[in-house]
Amino acid sequence: MSGSFVQRGDVAVTDKWTRAAMVLYGGADLVLELPVCYALNAAPNFAAGGINTLNALGVVDTVAFGTECGDINELLRTARILEQETPEISNKIKAYMADGVSYPNALSRAYGDIIDTDILQLPNNILAIEYIRALIQSNSKIKPITI
């Protein structure tokens, strides 16, 4: 969980102790604070910080996250495709960005014929894909699920 500051640098609406208490009341066994250097970062680093922390614990077997699509197979497929980015796709992304297109939109355009672009436009899907990519990159045994 992010601490006093959340992903885009805003101050959390509720303090971290109250949020942690709510999570524990909801049934969690443990709440960890994501270090601020990850919590204030873009989705890939935010996700990597969380996954690396879970990997380091050595006792976590499942990670759950909310998504707009709710389809873990589609998220897994998308993450695997993004992990195999070709030079042609990289060049397309760079070209779109050079024309002033934001990274998420450049990514969607570059992969438009390969990936359902809706999955790349919604914030919870994007973060979920980055969690899965971090699992892949770290060769983690943690299983992802979505709600």
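1. Ser140 touches Asn55 and Leu135, leaving aside residues up to four places away in sequence; contact here means heavy atoms within 4.5 Å. Ser140 sits in the loop between helix H7 (123-137) and strand S2 (143-146). Helices (H or I, at least four residues) and strands (E, at least two) are DSSP runs, numbered from the N terminus.

2. A word on the source: this is a predicted model, in which local features need pLDDT of at least 70 and side-chain atom pairs count only at pLDDT 80 or more, while totals for chains, interfaces and linings use all residues. Residues are numbered from 1 along each chain as its sequence is written, and side-chain values use heavy atoms, with hydrogens and water left out.

3. Is Ser140 buried or exposed? Ser140 counts as buried because its relative accessibility is 19%, and buried means under 20% relative accessible area (1.4 Å probe, protein chains only). A polar atom of the Ser140 side chain lies 3.0 Å from the backbone nitrogen of Ile142.

4. Now to helix H4. Residues 72-83 form this helix of 12 residues, which reaches 16 Å from its first C-alpha to its last, close to the 16 Å expected at 1.5 Å a residue (1.5 Å times one less than the number of residues). At the start of H4, a side-chain oxygen of Asp71 comes to within 3.0 Å of the backbone nitrogen of Asn73.

5. Which residues of H4 are buried? They are Leu75, Leu76, Thr78, Ala79 and Leu82. These cover an arc of only 165° around the axis, so they lie on the same side of H4; the arc is that of the directions from the helix axis to the C-beta atoms. Their cover includes strand S1 (62-65), helix H6 (103-110), H7 and S2.

Key
Buried means under 20% relative accessible area, exposed over 50%, partly exposed in between (1.4 Å probe, protein chains only). A polar contact is a pair of N or O atoms within 3.5 Å; within protein, one must be able to donate a hydrogen and the other to accept it, and residues adjacent in sequence count only if both atoms are side-chain atoms.
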